[in-house]
Amino acid sequence: MRELRCQDVGQQDCKFVAQGKDDNEVMQKAAQHAKSAHNMATIPPDVEKKARSVIRETR
Ligand SMILES: [Zn+2]
């Protein structure tokens, strides 16, 4: 599994963790979360790049 912590993208008070079988699935969930929780209608390219770089492997 792949996992992305919202905290690692700079949202220090957010405990959200997106998980998926691959990076695209994780980014899809993260995008939905960013929209509903952080009022980001779309994820800017620099944020997406950062997010992809901090996705980690989990078991
Ligand atoms: Zn968040």
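How many helices and strands are there in the protein chain? There are two helices and three strands, where helices are DSSP runs of H or I of at least four residues and strands are runs of E of at least two, numbered from the N terminus. The order along the sequence is β-β-α-α-β. The model is predicted, with local features requiring pLDDT of at least 70 and side-chain atom pairs counted only at pLDDT 80 or more, while totals for chains, interfaces and linings use all residues. Residues are numbered from 1 along each chain as its sequence is written, and side-chain values use heavy atoms, with hydrogens and water left out.

The C-alpha trace of the protein chain spans about 30 × 20 × 20 Å along its principal axes. The radius of gyration is 10 Å, in agreement with the value near 10 Å for a compact globule of 59 residues; it is taken over C-alpha atoms, and the globule rule is 2.2 Å times the number of residues to the power 0.38. Of the 59 residues, 25% are buried. Buried denotes under 20% relative accessible area, exposed over 50%, and partly exposed in between, with a 1.4 Å probe and protein chains only. Contacts (heavy atoms within 4.5 Å) between residues at least 6 apart in sequence join residues at least 24 apart in 47% of cases.

Helix α1 comprises residues 23–38, and its buried residues are Val-26, Met-27, Ala-30, His-33 and Ala-34. These buried residues line one face of the helix, because they fall within an arc of 125° when seen down the axis of α1; the arc is that of the directions from the helix axis to the C-beta atoms. In general, an α-helix has 3.6 residues a turn, so residues three or four places apart point the same way. The cover over the buried residues of α1 includes β1 (2–5), β2 (17–20) and α2 (45–54). On the other side of α1, the exposed residues are Asn-24, Gln-28, Gln-32, Lys-35 and Ser-36.

Val-54 lies in helix α2. Its relative accessible area is 21%, which means that Val-54 is partly exposed. Leaving aside residues up to four places away in sequence, Val-54 touches Glu-3, Leu-4, Asp-8 and Val-9. Lys-15 is 39 residues from Val-54 along the chain, and the C-alpha atoms of the two are separated by 15 Å.
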